Amino acid sequence: MAQTSPVHTQETSEHTNITSVPFSNINIPMDSVLAVDEEIPTVDFLMLFSDDPIQQSKALDNLSNACDEYGFFYLVNHGVPDSVIEGALEGIADFFEVTKEEERKEYVKSSPSDRIMWGLNSHAGENREYLKVVAHPQFHCPAKPASLSEALEEYFKRFQDVKIGLARAISKILGLEEFYIEKFFNLKSGFDVSAMNVYPPNFQSKGSIGVPSHTDPGFFVSLIQDVNGGLQVLSHKGKWINVYIPRNAFLIQIGDHLEILTNGKYKSHIHQVVVDNNKVRRISLATLHGPSLDTLVIPATKFVDHFHPLGYRGMTYKESLEANGHHEIEVQSCLEQLRL
């Protein structure tokens, strides 16, 4: 997942260990021990476009419920071959195993125009090594090893149909014209950033947190991983849920800018990574699928009325990514600043 601004929390009492955050109107349990193994909705991508109107209607209702009640779901039957998903994860492993740390330091953040960025954090608040690349509209990747760039380019190419398909399905369940989101976000020129994360086993970490709780900018986030364990999502009811992604499925998470577009109907959900239970190294590939950089994102008029006043100020996607002095490739959330 992206390196985004953490949700700042403080312990309210010795026993409750819960705090409230203003943007979600829910309580956030700070202790990962409170996370539960609760069912996460599964959406069948193929059925969203079924020729059988009854099957399609059921699939769209399921997607609507997942977006309304959870803000995240597993996506299956998406059409991306297992070999492509596994190849991408193997390519990431190759990069971190074959290259030396000194070589990777070539990609330490240096300028706003960076399209590849590497970082290593090992302290109480964050434990991970990561590589970020701009995946779309132009694909960027380290030249070595060749297995990484070849595998990632094929993975991102295959996922484009999924991204466009979800845009059309979500437009439908929102009561919008089928191509509305695709056009509004200008997804053909969408700014997609992929974060490849390596989380250490617990005996090598400097604390229990892999990445602190946060939301991500963009339309949505897609995520795959090599082993389960560590990723937790916060339900709208304020409960941490452990994520166990079915083999070669995607975890889809609503992003900040879909929340803005819907004027808060859909919520960009909070998630975090913990490493205290990790017995082995874990690799994940999280891609933030965003609008084009020049897209001005404001709530659609359909979602603004007397009972639902305008809740967000307009800002181009580029401006939102550069808020607080950040670079575009860092894909930092500034959702709080956009709320009215």
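Start with arginine 104 and glutamate 129. Their side chains meet in a salt bridge, 2.6 Å from N to O. Keep in mind that this is a predicted model. Arginine 104 sits in helix α3, residues 101-104. Glutamate 129 sits in strand β6, residues 126-136. So the pair ties together parts that are 25 residues apart in sequence. Buried or exposed, these two? Both arginine 104 and glutamate 129 are buried.

Now widen the view. How many salt bridges does a search of the whole structure find? It finds 18.

Take aspartate 68 and lysine 265. Here the side chains meet in a salt bridge at 3.4 Å, N to O. Aspartate 68 belongs to helix α1, residues 53-69. Lysine 265 is in the loop between α6 (256-261) and β13 (271-274). The pair therefore ties together parts that lie 197 residues apart in sequence. What about exposure? Aspartate 68 has 27% relative accessibility, so it counts as partly exposed. Lysine 265 is partly exposed too, with a relative accessible area of 40%.

Next, arginine 247 and aspartate 82. This salt bridge is 3.5 Å, N to O. It links distant parts of the chain, 165 residues apart. Arginine 247 is in the loop between β11 (240-242) and β12 (250-254). Aspartate 82 is in helix α2, residues 82-98. At 65% relative accessibility, arginine 247 counts as exposed. Aspartate 82, at 36%, counts as partly exposed.

There is also a network of salt bridges. It links Arg115, Lys318, Glu322 and Glu328.

Stay with α2 for a moment. This helix has 17 residues. From first C-alpha to last, α2 reaches 24 Å, close to the 24 Å expected at 1.5 Å a residue. Which of its residues are buried? Among them are Val84, Ile85, Ala88, Leu89, Ile92, Phe95 and Phe96. Glycines are on that list as well, including Gly87 and Gly91.

Last stop, helix α4, residues 146-173. Its 28 residues should span 40 Å at 1.5 Å a residue. The end C-alpha atoms are 41 Å apart, which agrees. Where is the kink in α4 centred? On phenylalanine 159, with an angle of about 30°. Just after α4 comes glycine 175, which takes a positive phi of about 80°.

That's the tour. Over to you.

Note on methods: Residues are numbered from 1 along each chain as its sequence is written. This is a predicted model: local features need pLDDT of at least 70, side-chain atom pairs count only at pLDDT 80 or more; totals for chains, interfaces and linings use all residues. Side-chain values use heavy atoms; hydrogens and water are left out. A salt bridge is a side-chain nitrogen of Lys or Arg within 4 Å of a carboxyl oxygen of Asp or Glu. Helices (H or I, at least four residues) and strands (E, at least two) are DSSP runs, numbered from the N terminus. Buried means under 20% relative accessible area, exposed over 50%, partly exposed in between (1.4 Å probe, protein chains only). The expected span of a helix is 1.5 Å times one less than its number of residues. The bend at a residue is the angle between axes fitted to the seven residues ending there and the seven starting there.
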